[in-house]
Amino acid sequence: ISSRPFNFSAGPATLPEPVLHRVASEMLDWHGSGMSVMEMSHRGKEFCAILEAALADLRELLAVPANFRILFMQGGGLGENAIVPLNLSRGGKVDAIVTGSWSRKSAAEARRYADVHIAAEGNGRNIPKDWQLRDDAAYVHVCTNETIDGVEFHDLPRIANGVPLVIDCSSHMLSRPIVWDHVGLAFGGAQKNIGPAGVTLVFVREDLLGHALDICPTAFNYETVAANNSMYNTPPTFGIYVAGLVFQWVKGLQYAGKRGLAAIEQRNIDKAALLYSALDASGFYENRVEPSCRSRMNVPFFLKDEKLNDSFLAEAKSAGLLQLKGHKSVGGMRASIYNAMPLEGVQALVSFMKDFEARHG
Ligand code: PMP
């Protein structure tokens, strides 16, 4: 077990410690090549092997269907807010479901390229019902885990009219399986569950390629990126290498008699249950999200006496619990408990919270 503090950052976020050790040990000389991965040509045989292994492991972990392409891009989630409509909207209609800050931002950016209709809007603590979808929309955009608000879709919506879903799964990608049936495209930045910031992952159904608007930058045209196996321009090589090590780590993880993604998911369920039940049992803290859509990854919570916020953060830091401050738009606290956060980290947080309550409650 590590001597490092537990880091609850929302992203860039804590990475699996074995991966960090591996990266350190391979930093100056990757597999006897005499080069750091940072120093390799992206077209050389060494990096090509790294890329192919990462793609194969990710495809296996998430059971990505054969008719989907996996792209490693740059520009982050916010870049995708423009890149998706540039590629998929055909300048026509886009329906958007607003469940919090990130989906609201996506809808606003898509307006620059398409006719965007907010088909349903939640209150930041729920998933709205009664979606007013249009049959002729190019796609329906959903943020499947709202990192700031802590609202997660535990089941993907089933769109009856065959319009593809575009899911922003930045902050819960690889924390659970994805049911691909209604999905046309999934995207997310790497910096939560996958690896360092700078890599953006895109999963796109092949039949959606080839319809980019003329104004779409060539380097952001999915068809071009796919045709060049994510090497149209120089990909973020070091980030892809670290992501590949994270995929191997997930594949080998064992927990509660399970292995790989099933083990990660079970561990995430247990971590989240531990934290939410401690919050709900206390009169001192509260989480305000409807229980049916509480995020397993990002747990915003409040001290009922907000005057204690600064002491809470300072004492948590002294106790080895870092980056618990809530997003500025929400206030309070937020514990992000991504894949790489061990159960012991959440146990340490819960026991600190009880102790803090006992001293200040
Ligand atoms: N979508 C979601 C759900 C996010 O959590 C974030 C980043 N926190 C973004 C989009 C934006 O990603 P980036 O900063 O990589 O552009």
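**Around Asp168**

Biologist: Let's jump in: which residues does Asp168 touch, not counting those up to four places away in sequence?

Modeller: Asp168 touches Gly77, Trp102, Ser106, Cys143, Thr144, Phe187 and Gly188, leaving out residues up to four places away in sequence. Being in contact means that the two C-beta atoms, placed from the backbone, lie within 7 Å. Keep in mind that this is a predicted model, where local features need pLDDT of at least 70, side-chain atom pairs count only at pLDDT 80 or more, and totals for chains, interfaces and linings use all residues. Residues are numbered from 1 along each chain as its sequence is written.

Biologist: Is Asp168 buried or exposed?

Modeller: Asp168 is buried, because 27 other C-beta atoms lie within 10 Å. The rule is that 20 or more other C-beta atoms within 10 Å of a residue's own means buried, 12 or fewer means exposed, and in between is partly exposed, with C-beta atoms placed from the backbone. Asp168 is found in strand 8 (residues 165-168). Helices (H or I, at least four residues) and strands (E, at least two) are DSSP runs, numbered from the N terminus.

Biologist: Which residues are around the ligand?

Modeller: Around the ligand are Gly11, Gly76, Gly77, Leu78, Trp102, Cys143, Thr147, Asp168, Ser170, Ser171 and Gly189. To be near it, a residue's C-beta atom, placed from the backbone, has to lie within 6 Å. Helix 3 (residues 76-88) gives the most to this shell, with three residues.

Biologist: What does UniProt list for "binding site"?

Modeller: UniProt's unreviewed entry lists Trp102, Thr147, Asp168, Gln191, Asn233 and Thr234. Those positions are in the numbering used here, feature names are shortened, and annotations may be inferred rather than shown by experiment.

Biologist: Why don't they all gather at one spot?

Modeller: The farthest two C-alpha atoms are 29.6 Å apart, so they do not all gather at one spot. Asn233 lies in the loop between helix 5 (222-227) and helix 6. Asn233 is partly exposed, with 14 other C-beta atoms within 10 Å.

Biologist: And what about Lys192, what feature does UniProt place there?

Modeller: The unreviewed UniProt entry places "modified residue: N6-(pyridoxal phosphate)lysine" at Lys192. Lys192 sits in the loop between strand 9 (183-189) and strand 10 (200-205). Lys192 counts as buried because it has 30 C-beta neighbours inside 10 Å. Leaving aside neighbours within four places in sequence, Lys192 is in contact with Gly11, Ala13, Ser170, Ser171 and Tyr338.

Biologist: New topic: how many residues are in the largest nonpolar core?

Modeller: The largest nonpolar core has 69 residues, and Tyr139, Val140, Leu185, Leu201, Val202 and Ala243 have the most contacts inside it. Helix 6 (residues 237-252) gives the largest share, nine residues. A second, separate core of 27 residues includes Phe6, Leu15, Met333 and Ala335. A core here is a set of buried Ala, Val, Leu, Ile, Met, Phe, Trp, Tyr and Cys residues joined through C-beta atoms within 7 Å.
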